[in-house]
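Take a look at the structure shown below.

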Amino acid sequence: MTETWTTRIGGEPVELPMTIESVRAALPEAERAEFTAQIETTPGPQLAQVLATWALPAEAWEQIDADVARLEAGDRTGFHPQDERYVSPEVE
């Protein structure tokens, strides 16, 4: 069984902890109680999402926030829709 998840931050692969125990251990001491409270009350179908959210380092959140800001500003460069509801202006 794999002990880590892999994601990309700034285009580079980054390994993240993937168990409740390893995510908790990777967090600063001040955040562990909040993590424990949240993970213990998360419904089963949402556990992977919540765990991944806590596992992401600050650099990932900076990238996510920057991407969301670009999208909110109308810049969809580099984003590809997963369905037909959005058609890029470059395609029209």
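Predicted model: local features only at pLDDT ≥ 70, side-chain atom pairs only at ≥ 80, totals over all residues.

Which element gives the largest share of the lining of the largest pocket? The protein chain holds four helices and two strands, and from the N terminus on, its elements run β-β-α-α-α-α. The chain has 92 residues, of which 17% count as buried. Its accessible surface comes to about 7,000 Å², and carbon and sulfur atoms hold 54% of that surface. Of the contacts between residues at least 6 apart in sequence, 31% join residues at least 24 apart.

Rolling a probe the size of a water molecule over the atoms shows where empty space is left. The largest pocket contains about 180 Å³ of space. It is lined by 13 residues, and those closest to its centre are Leu27, Trp54, Ala55, Leu56 and Pro57. Two or more lining residues come from each of α1 (20-26), α3 (47-55) and α4 (58-72). The element asked about is α3, which provides three residues, the largest share of the lining. By residue type, the lining consists of 11 nonpolar residues, one polar residue and one charged residue.

Helix α3 can also be viewed through its buried residues, which are Val50, Leu51, Trp54 and Ala55. These residues are on the same side of α3, because they cover an arc of only 135° around the axis. What covers the buried residues of α3 includes both β1 (4-9) and β2, along with α1 and α2 (29-40). Trp54 and Ala55, two of these buried residues, are also among the residues closest to the centre of the largest pocket.

Is Pro17 buried or exposed? Pro17 counts as buried because its relative accessibility is 18%, and the cut-off for buried is under 20%.

The last stop is Glu62, a residue of helix α4. With a relative accessibility of 55%, Glu62 counts as exposed, since exposed means over 50%. Glu62 and Ile9 are 53 residues apart along the chain, and their C-alpha atoms are separated by 9.5 Å.

Note on methods. Residues numbered from 1 in each chain as written. Heavy atoms only, no water. 1 Å grid on protein atoms, 1.4 Å probe; cavity = no way out; pocket = protein on both sides within 12 Å on 5 of 7 lines; lining within 4 Å. Points joined across faces, edges and corners; volume = space filled by probe spheres on them. Nonpolar A, V, L, I, M, F, W, Y, C, P; charged D, E, K, R; others polar. Buried < 20%, exposed > 50% of the residue type's maximum accessible area, 1.4 Å probe, protein only. Arc of directions from axis to C-beta. Contact = heavy atoms within 4.5 Å. Areas by Shrake-Rupley, 256 points an atom, 1.4 Å probe, with all protein chains shown as cover.
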